[in-house]
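Okay, thanks for coming, everyone. Please have a look at the picture on the screen, and then I'll walk you through it.

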Amino acid sequence: MPQSQDPLVHTHPPNYINPPSTAWMSTTADSVGLALAVIVVAARCYTKFCITKVLGWEDYLSIVALLTFIAFCALNLLQRFQYGGGRHLYDIPPSMYYGYFWTGVVRGHLYILGLTLAKLSLLLFLYRIFRVDRTFRILSWLLGAILTIWTT
């Protein structure tokens, strides 16, 4: 088979010295998202704790979801700056593969956990607001069960 038709041949040689990277873009997005999440959860907790003096289950879940997002962003930074994230895969040295893929797997689990906790927090918030409607309460429990089963 001619070399140009072999699918396993790289389109260009790897650049381990100074490869182009898009890590700064995702780091900027993580920083902005994290700042907004901290502001929203802090405002929510301040309102609930200092004004109404009552924290509900939805508030605790939003705090845990924020902590999960912080851990997710920390692993993003680790992957980008320690294991070559943001580069083309063929520009990452093989010695970094284990850390690169390990952080990717853990990040995936944290992502799913954080989204599930945020959704459950919102569902509990709506359950508390619309407590009077029996149909909504039943649908909320059903949706919460489906969401929990779907993500496990």
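Let's start with one side chain: K48 is buried, because its relative accessible area is 15%. Buried means under 20% relative accessible area, exposed means over 50%, and partly exposed is in between, using a 1.4 Å probe and the protein chains only. Those areas come from the Shrake-Rupley method with a 1.4 Å probe, and for residues only the protein chains shown count as cover.

Before I go on, a word on where this comes from. This is a predicted model, so to speak of a local feature we need pLDDT of at least 70, side-chain atom pairs count only at pLDDT 80 or more, and totals for chains, interfaces and linings use all residues. Residues are numbered from 1 along each chain as its sequence is written, and side-chain values use heavy atoms, with hydrogens and water left out.

How confident is the predictor? pLDDT is its confidence in each residue, from 0 to 100. The protein averages 87, and 93% of the residues score at least 70. Confidence is highest in helix α2, residues 57-82, with a mean of 94, and lowest in helix α4, residues 134-151, with a mean of 87.

Which residue does K48 meet in a salt bridge? That's E58, at 3.6 Å from N to O. A salt bridge here is a side-chain nitrogen of Lys or Arg within 4 Å of a carboxyl oxygen of Asp or Glu. K48 sits in helix α1 and E58 in helix α2, so this pair ties together parts that are 10 residues apart in sequence. E58 counts as buried because its relative accessible area is 4%.

E58 has another partner. R128 forms a salt bridge with E58, and the closest N and O atoms are 2.7 Å apart. That one links distant parts of the chain, with R128 in helix α3 and E58 in helix α2, 70 residues apart. R128 is partly exposed, because its relative accessible area is 37%. Through shared partners, salt bridges join R44, K48, E58, D59 and R128 into one network.

How many salt bridges does the structure hold? There are 5. One more to point out is D30 with R80, where the closest N and O atoms are 2.8 Å apart. Here too distant parts of the chain are linked: D30 is in helix α1, R80 is in helix α2, and they are 50 residues apart. D30 is buried, because its relative accessibility is 14%, and R80 is buried as well, because its relative accessible area is 10%.

The largest pocket has about 430 Å³ of space. Of the 17 residues lining that pocket, the closest to its centre are A37, A65, F69, G114 and A118. The elements that give two or more residues to the lining are α1 (23-51), α2 and α3. On how that's worked out: on a 1 Å grid over the protein atoms alone, a pocket is an open set of points with protein on both sides within 12 Å along at least five of seven lines, whereas a cavity is a set of points where a 1.4 Å probe fits but cannot get out; lining residues have an atom within 4 Å of a point. Grid points are joined across faces, edges and corners, and the volume is the space filled by probe spheres set on the points.

Now the surface. L122, F125, I129 and F130 make a nonpolar patch of about 360 Å². Patches are made of residues with over 30% relative accessible area and no salt bridge, joining like charges within 9 Å and nonpolar side chains (Val, Leu, Ile, Met, Phe, Trp, Tyr) within 5 Å. Of those residues, F125 is found in helix α3, residues 97-129, and F125 counts as partly exposed because its relative accessibility is 31%.

Last stop, the loop between α1 and α2, where you'll find K53. The phi of K53 is near 65 degrees, a positive value in a residue other than glycine. Most residues other than glycine have a negative phi. Is K53 buried or exposed? K53 counts as exposed, because its relative accessibility is 61%.

Technical notes
Helices (H or I, at least four residues) and strands (E, at least two) are DSSP runs, numbered from the N terminus. pLDDT is the predictor's confidence in each residue, from 0 to 100.
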